[in-house]
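Subject: Structure handover

Hello,

Here is the structure I promised to pass on. Please open it alongside this message.

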Amino acid sequence: MRDKTILSTGYNGSLRGSPHCDEAGHDMENGHCVRTVHAEANAVAQAAKNGVAINGSEIYVTASPCLTCFKLVANAGIRTVYYKEFYRDERITGYAREADIRLVYMGPEKGSREQ
């Protein structure tokens with residue numbers, strides 16, 4: 001999102017044109033289905049596919065990005081990540097600080113807070 005305009009959307013799901021994991025079966029690794037492409041990666045890929053510049057934008061996600069998606073978001077030039085719950089990897093907090101990317105918690109307790 002930039003200037004109150006949605007630039008791209010993404011969802012957790014299988015590769016474009018492939019059956020969903022629930023239909024084709026899950027490809028599990030360390031307790032996680034690796035057949036799935038995360039929403040952040042899908043949003044960045046959709047923007048690239050459609051020629052939409054996302055440098056300097058912000059992203060709204062349900063859970064904070066995994067480390068791999070965070071690095072993709074950072075290298076795409078996204079400057080702020082809004083999230084409702086923290087997901088798995090505390091390293092993104094340090095990496096966000098190094099890259100000057102704002103992480104903003106939007107959970108239910110006492111409004112939002114920035115990390």
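Below is what turned up, element by element.

One caution before the details: this is a predicted model.

Start with strand β4, residues 80-85, and strand β5, residues 102-105. They pair in the parallel sense, over four bridges. Within that pairing, Tyr83 has Tyr105 of β5 as its bridge partner.

**Helix α4**

Ile92, Thr93 and Ala96 are the buried residues of α4. They line one face of the helix, because their directions fall within an arc of 105° when seen down the axis. The general rule is that an α-helix has 3.6 residues a turn, so residues three or four places apart point the same way. Arg97 and Glu98 are exposed, on the face of α4 turned away from the buried side. The cover over the buried residues of α4 includes α3 (67-75) and β5. After α4 comes Asp100, with a positive phi near 60°.

Asp89 sits in the loop between β4 and α4. Is Asp89 buried or exposed? Its relative accessibility is 15%, so Asp89 counts as buried. The side chain of Asp89 also makes a polar contact with the side chain of Arg91, at 2.6 Å.

**Helix α3**

The buried residues here are Leu67, Cys69, Phe70, Val73 and Ala74. Seen down the axis of α3, they fall within an arc of 160°, so they too line one face of their helix. Thr68 and Asn75 are exposed on the other side of α3. What do the buried residues of α3 pack against? The list is α2, β3 (58-63), β4, α4 and β5. Gly77 follows α3, and its phi is positive, near 90°.

**Asn42 in helix α2**

Asn42 belongs to helix α2, residues 39-49. Its relative accessible area is 18%, and the cut-off for buried is under 20%. Asn42 is therefore buried. Its side chain reaches the backbone oxygen of Tyr11, at 2.6 Å. Beyond its neighbours within four places in sequence, Asn42 is in contact with Thr9, Gly10, Tyr11, Gly13 and Val37.

**The cysteines**

How many disulfides does the count give? The count is zero. The cut-off is a pair of cysteine sulfur atoms within 2.5 Å.

- Cys33: the closest cysteine sulfur is in Cys21, at 3.5 Å, and that is too far for a bond. Cys33 counts as buried, at 18% relative accessibility.
- Cys69: the closest cysteine sulfur is in Cys66, at 3.8 Å, and that is again too far for a bond. Cys69 counts as buried, at 6% relative accessibility.

Cys69 is also one of the buried residues of α3 listed above.

**Where to look**

For a quick tour, begin at the parallel pair β4 and β5. Then turn to α3, whose buried residues pack against α4 and β5, among others. Finish at Asn42 and the contact from its side chain to the backbone oxygen of Tyr11.

Best wishes

Notes. Residues are numbered from 1 along each chain as its sequence is written. This is a predicted model: local features need pLDDT of at least 70, side-chain atom pairs count only at pLDDT 80 or more; totals for chains, interfaces and linings use all residues. Side-chain values use heavy atoms; hydrogens and water are left out. Two strands pair if DSSP finds at least two bridges between them. Helices (H or I, at least four residues) and strands (E, at least two) are DSSP runs, numbered from the N terminus. Buried means under 20% relative accessible area, exposed over 50%, partly exposed in between (1.4 Å probe, protein chains only). A polar contact is a pair of N or O atoms within 3.5 Å; within protein, one must be able to donate a hydrogen and the other to accept it, and residues adjacent in sequence count only if both atoms are side-chain atoms. Contact means heavy atoms within 4.5 Å. The arc is that of the directions from the helix axis to the C-beta atoms.
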